[in-house]
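Hi everyone, thanks for coming along.

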Amino acid sequence: MKKFTQLNNILGWAVFMVSAFVYLSTIESTASFWDCGEFISAAFKLEVGHPPGAPFFLLLARFFAMFATDTSTVALMVNAMSGLASAFTIMFLFWTITFFARRIYKETDNFSTAQLITIFGSGVVGALAFTFSDTFWFSAVEGEVYATSSLFTAIVFWAILKWDNAYGTKYANRWLVLIAYLMGLSIGVHLLNLLAIPAIVMVIYFRRYTPTKKGVIIALSTSVIILASIMYLIIPGFVKVASWFELLFINGFGMPYNSGVLFYVVLVIALIIIGVRITLKRNMYIANTAMILLTVILMGYASYALILIRSNANPPMDQNSPDNVFSLMYYLNREQYGNRPLVTGQSFASPAVSKTEKKGVYGKRNGKYEIVDHTYNYIYHPETTSLFPRMYSNSDSHISAYKQWSGFKGKIVVLKDVNGQTQRVRIPTFGENLKFFFKYQIGHMYFRYFMWNFAGRQNDIQGHGDFRNGNWISGINFIDEARLGPQDSLTKKDLNNKSRNKYYMLPFLLGLFGMVFQFSQKKTDFWVVTLMFVLTGLAIVVYLNQYPYQPRERDYAYVGSFYAFAIWIGLGIAGLIESFKSKKGKTIIAGSITAIAFVAVPVNMAAQNWDDHDRSGRNLVIDIARNYLETCEPNSVLFTYGDNDTFPLWYAQEVEGVRTDVRVSNLSYLGADWYINQMKCKAYNSEALDVQMTNDKYAAGVRDAVLIIDKIKSGVDLKKCINFVLDDDRRTKTESPFEEGETIDFFPTKTFTIPVDKQKLLNNNTISLSEINEVVDTFKFRNSANYLMKNELFVYDLISKNEWNRPIYFAITVGRDNYFGMDKYMRLEGLASRLVPIKGEKKGLYANMNAEVMYNKFMNKFTLQDFTKGDVYLDSYASDLLSNFRSIYSSLATELIEKGDDAKAINVINKLNKLFPPNIIPLTVYDLSLIENSYTVGLNDIAEQMTNIMFDNIKDNVKYYLSLPNNLAESVKRDQTTDIQVLMELVRLAQENKNIKLADKLTTEYQAIIKDI
C-alpha cells in the first residue's frame, strides 16, 4: 500500500508538471477577448466587475498580479494563474481516476505489476486526455474564472473520495469540513462547483448505508435540498436577512449606514459560537457537524465582503455600485439580466395581460433608505403558457430560429380580453418545445460541444446550425459525410484550418467503454460519476434555457461534464485490459494497451490541438485597445457598445495606463443610474462627463423612457428640449402608452438643433481652417423614433451641454441605430467616428472621413504585432476583426486617391499589406476596392498578389460548392453567386489595368469554372 501511495503521488505530480508546462507554454501574453480584460482590470486594482461578481477569484488574481515585473505583464501573471489552476485540476483528476480504477480490484494492499500499470495507465491516459481537450485547454490559457472554478470542482470531488477512504477513522469528517469550506470559497469564483453536491452526498450514502431504492431516493432528495438551500437560501438569504437589520437600524433607529449589517454579522457569529458549543456539550454529533459545515461555508462566502468594501471606495470600475446590502442583493441575484421561464411560463407569442409588483428597490437617500424603484413580474395569458417552455424570447431573430429548429406549425389559441374582444394567437405546442429542446439546446448547445472535445472539431467559426461552421467531426469520412457533405472536396482553407481537429472518435469510444466497464464492476461508483456528468451537463442545459444566436460559443459552461467523462476515458483503459481474461502475459498486455491508448488518445489530441490552442506571443487585444484609444483626440469621450470594444479598453487604461484621458462610455450601460453616476465623476486623467441631469432626474425608475412627439415640425434647440424633459412640471408630461393611468416625459419635436460657434471649432482644433466653409450654421438632425431610452437621453444631454468643447467619438462597432439620428455628422478618423458639425453627403459605411487626420493617426500611431511569419494563432473572430480593420483603412486609400494624393495612398496600402498580410488575414469581397486602389497607384505587385490569393480561394470555394449534394447545395447558392461575381470583378480589374498575363490566366480559369456550373 505504501508503494502504491508513493507511486500515485509521484505520478500525480508528474502529470501536473506535464500539464503545467503545456499551459504555461501556450498562455496568451496579454488579456484575451470577452470578459478577460474586465476580470484582469478588476483584479489588478480590486475593483467591482459584472454581477454576480467573483471576489475570491479577484483576490487570487491580485496575488498573482503582484509578481508582474511591470503593468504590461500583469495579464500574463493572471493567465499563468489559470494555467496553474488547470494543471492542479489535472493532478486531482489523475488521483480521482486511480481511486476508481483501484476499486475494481479486491486487493487493497498488494497490487501486481499488471494491476499497477492498469491503475496508473488509466489515470495518465484519462487525465492527459482532459489536459488536451478543446474546451478545458481554451480556458486554461486566459484570465477567466472557469479554470479556477474547475479546480474547486476537482478538489471537492477528490476530497469526498479521500473521506470515503478514511471513513471510520477518528478524523474522517475533517474532509467534509474542508469540502464545505471550499464550497463556500467557490461561491466567490463561480457557482458551477456547487453542482458537485449531489455526487458528494451519494458517495456519503453509498459508504454509510446499504443501497436501496428508497434510500437512493432519500439521498438524492437530500442532495437537491442541500444544493437548493445554498443557492436559494444561504447565498441570497444571508444578505436578505442582513437587509432587514439594516433597514431597522437606519430607518428605525436612525443609526449610520451599515450599522445594521455590522450588528447582524456580529449576531450571526455569536449564534454560531453558541450553537457549536451547545451541540458539542450535549453530544449532538450530527447537529454539531451541520453547524460547523454551515460556519465554514459562510466563512468562504465572506469573500463577498470585498465587493461591499471596494464599492464603498468608489473605484472607476464599480458595476452596479453594490455599496450597500440592498444593491448587493440586486448584484448577487443578477437582476439586471432578467429571468427566464423554466418549469412553466410563456412562449414567444404569449401576450402579457398584467404585471404585479415584485418588490421595492431601496436606495440611499438623505441618511435613510427609501424605495427608489420597483421591479415587476409580468403575467401572461394563462392559455398561452405551457409546461417546460423552451421558446420564450420575443426577439424577431430568435423567433425565426425557434421556428426553424422546431419545425414550428403551432396551435391557434383564441383569447378574449376584458372588453370581449377576441385575439387569435399561434403558440408553440409542447411537442415543438421538446423538439427545440432536443435539437437545439441539447443537440447543438451541448452534444456538439461534447463531441468537439472527444470526437473532433470542424473549425472555430461560430455555428448556428449550418453544415459548414462550428460542427463536430470524427475524421472518419463516411460518418462526417452523412451530416456535413463530401469531405474529399473541402477547400484548402477548410483543410488547413488550424482548428480542424480529428480524434477519430477514439476518446469518445474509450469513454463509452469505460462507462460500461465501471457500471459492470462498481455500480455505486458509476452512479456517482454519472451524477457529476449529468448535473454539470444536461442539468445546466435545462437551467440555462438558452435562446438561439448566442453572442459566442458556450462550451465553457459544461466543462464539469467533460471532466466527468474524462474519468470514464481513464477507466476505459482498465476495461480494455481486464477484457483479457488470461493472466499469462497480463503485464505485457497492460503495458501494450496503455501505450497504444496513450498515443492514440492524449498524444493525438495534443498534436491536433496544439496549434489552435497556442496563444503564446499574441498581443492582439492590447494592440486593438491601444488603436481604439489612439484614434481619439486628448480628453475625448468614446462611446462603445459591446464586450469586445469595451473590456479591452478598460484593461488598457486600468492596467497598462494607456490614454487614461479618454473617457470610455458603454452605451448599453448608460441606462443604469449607477453607471451615469460614475460617468459624472473624474477618472484618472479624464474629466467628468458634464450633463444637465442631476441624480434625481435619472434615478432608477425615473425617465427610463421618454416619448418623442413631433408637435413642433421646425425643430427645437436640443438643450431646451433637455430642460423641458427634465422639468417636473406636470405640463411637461403626457399620458403614457406603456402604463395605463400613468404620465411620461416627452420631447415636443423629432427635429433637434444645436448652435455652432465656428470660431470655437477653429480654436479647439475640431476643424481646420480649410474646412470652415463645410461647417453647418446650425447642427440639425432628426430622430424618427417614437421614444428614447435613458442611455439615449444621456447622450443627447451630453452633446447639448458639451457645446463642441470636448471631442465625442463613437467606436466603429457601434451600430448606426445608436447614432440616434446624427449619422450624417459622423466622420471617420480611424477606429471611431467623430461627431462634427459637418454634414457628410457620401453614402457608404466608411464614406465620410477626415482623411488628413485619419492618415496621420494610421501612419504614426496605428500598430499591430507582426503576423507575416504566421506563428501567431488567429482564430476566426480575430481574423474577421482584422479583416474589418483592413477594410476601414482601405477606404482611407480610396479617399486619398479621390483627392489626388496618390503618394499618401501608396503609403497606406504598403502599410496595410505589411500589417494585414493577405496570406494570413483572409481577404473578403470588401477588399476588391483595395486591389483596385493598388492598381490605380501603380502597386501592381500588391494588386496581383491579392488577386491571385483571392481568386485561388474563391475558385476553391466554387469547386467545393459544385461537389455538394442537392440538399446542401441549395443553402450555399447565395455564396456561390457572390463568389462568381467576385471572380468576374477580379478578371475585369486585371483587364482594365493592362495586366494581360494575369487577365488571360484568370479568364481561362474562370471559363473552366463556368463550364461546370
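Let's start with strand 15 (residues 751-755), which pairs with strand 16 in the antiparallel sense over 5 bridges. Strands here are DSSP runs of E with at least two residues, helices are runs of H or I with at least four residues, and both are numbered from the N terminus. Two strands count as paired if DSSP finds at least two bridges between them.

Before going on, a word on where this comes from: this is a predicted model, where local features need pLDDT of at least 70, side-chain atom pairs count only at pLDDT 80 or more, and totals for chains, interfaces and linings use all residues. Residues are numbered from 1 along each chain as its sequence is written, and side-chain values use heavy atoms, with hydrogens and water left out.

Back to our strands. Ile-754 has Phe-779 in strand 16 as its bridge partner. The sheet is an open one of 3 strands in the order 12-15-16, with mixed pairing. Strand 12 (716-717) and strand 16 (778-782) are at the edges with a single partner strand each, so one side of each has no neighbour in the sheet.

Now for a hairpin. Strand 2 (residues 352-365) and strand 3 (residues 368-380) pair in the antiparallel sense over 12 bridges, and Gly-360 has His-374 in strand 3 as its bridge partner. How many residues lie between strand 2 and strand 3? There are 2 residues between them, and Asn-366 in the turn has a positive phi of about 55°.

Positive phi turns up in some loops too. Trp-34, in the loop between helix 1 (2-26) and helix 2, has a phi near 65° and is not a glycine. Tyr-549 sits in the loop between helix 21 (538-544) and helix 22 (559-578), with a phi near 55°. Tyr-549 counts as partly exposed because its relative accessibility is 40%; buried means under 20% relative accessible area, exposed over 50%, and partly exposed in between, using a 1.4 Å probe and protein chains only.

While we are in loops, look between helix 2 (36-44) and helix 3, where you'll find Pro-52. The peptide bond from Pro-51 to Pro-52 is cis, with omega near 0°.

On to helix 8 (residues 174-187). Buried residues in helix 8 include Leu-176, Ile-179 and Met-183. What covers the buried residues of helix 8? The cover includes helix 3 (55-65), helix 7 (146-166), helix 9 (197-208), helix 10 (213-252) and helix 12 (285-301).

Last stop: Val-908, in helix 33 (residues 902-915). Is Val-908 buried or exposed? Val-908 counts as buried because its relative accessibility is 0%. Leaving aside neighbours within four places in sequence, Val-908 is in contact (heavy atoms within 4.5 Å) with residues including Tyr-855, Phe-858, Met-859 and Tyr-889.

Finally, Ile-278 in helix 11 (residues 259-281) counts as partly exposed, because its relative accessibility is 37%.
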